[in-house]
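Please look over the model shown below before reading on. The paragraphs that follow go through it element by element, starting from a single residue.

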Amino acid sequence: MREIVILGSTGSIGRQALDVIRRFPDKMRIAGLAAGRNWPLLVEQIREFHPRAVALAGEEEARELEHHLVPGELPEIFCGSEGLVAVATSIDSGVVLNALTGTMGLVPTVAALQKGLDIALANKETLVAAGELVMALAREKGAKILPVDSEHSAIWQCLVGQPQNRVGKIILTASGGPFHKEPADLSRVTVAQALAHPNWRMGKKITIDSATLMNKGLEVLEAHWLFAVDYDQIEVVVHPQSIIHSMVEFVDGSVMAQLGLPDMRLPIQYALSYPDRWPNELPRVNWFALGGLTFEPPDTERFPCLALAYAAGRAGGTMPAVLNAANEIAVEAFLAGGIGFTRIQQIVAGVMEEHEVVSRPVLEEILAADQWARQKALEKARG
Ligand SMILES: NC(=O)c1ccc[n+]([C@@H]2O[C@H](COP(=O)([O-])OP(=O)(O)OC[C@H]3O[C@@H](n4cnc5c(N)ncnc54)[C@H](OP(=O)(O)O)[C@@H]3O)[C@@H](O)[C@H]2O)c1
């Protein structure tokens, strides 16, 4: 029986992960759950999955949770960022599924890796901000990083049994998001329009990142670290149908692709079942209903965030953490109605310009760069 901890159990990935785990009661059991503010949903999850340890963002939510459970149902309750670490390290073996949003996922990932635990990683911001450090720690501790992002799961699946040094390039597919074709002027798009993703139902932050193409940029950085490929070997291709989840071109020109319906339960299940595959009842591709599969180059003039991410990756050191933190603040400001859509890219570019890169940073330097970038981005969003 595999013990699983889910950080971010009340979110889009967290809920879908619980749906996967619910289907395999003889293979996995939930040992720990962590959420932010949604204590009512966490109460339901505790009643169904009986974790030993849980965490919530604040003490008030933790008190509410305690009041709504009877003593026999009560797990150990933690809160705050220490609570995330406590739950992440509450098992001795098994998998920690990190489905938190943003850099808050970094410290609990590092803590779990230090204990030698495998990480099923949805929280791409962890690798964007601290890819070198996280991958080195995983190697040192003999822990696996199991990709959950559908694109990285696809690449991982294409690479099974292949010689790593024979990869020519990685082809990351992108849906193009809600503004792929129009409107021509993106400065006036509303929050509701930006949240209306054509193919995927996801949390708000990643949905806005998909609309700006920053999500694809973050995925380029994630792929660089996960698969040890240069930025020149990572190509982004817009594929609006989201059926091919990504591809690998080998040095002999042969291309392997992984296909499936856009349903995150599939990559979540693969990360949890790896190296096995388990039968399931998820919907299958109906080839005759698909119509065509199409491919286009991304428009980096309309969507400069993708180019900013490549630039941050090539600059290296603390720059990707700065890109990521500035983007988190800019996206929050956009969602709160404080800035327009195209200000997101301007704020990120402005903060990156002011940053002096620290090369080969340790964790504290990454967290300091993250805090610095948040402050700078806030000033720009308010100004
Ligand atoms: N959704 C997708 O389809 C998808 C696909 C690929 C990759 N990803 C990646 O997966 C990650 C999660 O995305 P998502 O869409 O699932 O996000 P989401 O729906 O916004 O969920 C975020 C989770 O984090 C929790 N959280 C927020 N603040 C917290 C805090 N201070 N302390 C503890 N927990 C906190 C939330 O709890 P509350 O809701 O209780 O506040 C929620 O459980 C992101 O890195 C995203 O890029 C997502």
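In which helix does Leu266 lie? Leu266 belongs to helix α11, where helices are DSSP runs of H or I with at least four residues, strands are runs of E with at least two, and both are numbered from the N terminus. This is a predicted model, in which local features need pLDDT of at least 70 and side-chain atom pairs count only at pLDDT 80 or more, while totals for chains, interfaces and linings use all residues. Residues are numbered from 1 along each chain as its sequence is written, and side-chain values use heavy atoms, with hydrogens and water left out.

Leu266 has a relative accessible area of 35% and is therefore partly exposed, given that buried means under 20%, exposed over 50% and partly exposed in between, with a 1.4 Å probe and protein chains only. Leaving aside residues up to four places away in sequence, Leu266 touches Gln258, Asn280 and Leu282, a contact being heavy atoms within 4.5 Å. Its C-alpha atom is separated by 17 Å from that of Val96, which is 170 residues apart from Leu266 along the chain.

Leu266 also takes part in lining the largest cavity, together with Ser150, Ser153, Gln157, Trp200, His245, Gln258, Leu261, Asp263 and Pro267. On a 1 Å grid over the protein atoms alone, a cavity is a set of points where a 1.4 Å probe fits but cannot get out, and lining residues have an atom within 4 Å of a point.

Helix α7 (residues 150–159) has 10 of its 10 residues buried, so it is largely enclosed by the rest of the structure. What covers its buried residues includes the strands β7 (145–147), β8 (167–174), β10 (244–250) and β11 (255–259), as well as the helices α10 (214–227) and α11 (265–273). After α7 comes Gly161, whose phi is positive, near 80 degrees.

Two of the covering strands, β10 and β11, run antiparallel and are joined by five bridges, where two strands pair if DSSP finds at least two bridges between them. They form a hairpin with four residues between them, and Gly253 in the turn has a positive phi of about 90 degrees. The bridge partner of Glu249 is Val255 in β11.

Phe24 lies in the loop between α1 (12–22) and β2 (28–34), and Trp278 in the loop between α11 and α12 (304–315), so the pair ties together parts that are 254 residues apart in sequence. Both Phe24 and Trp278 are buried. Ring pairs also link Trp156, Tyr270 and Tyr274 into a cluster.

Conventions
Phe/Tyr/Trp six-rings, centres within 6.5 Å; stacked < 30°, edge-to-face > 60°. 1 Å grid on protein atoms, 1.4 Å probe; cavity = no way out; pocket = protein on both sides within 12 Å on 5 of 7 lines; lining within 4 Å.
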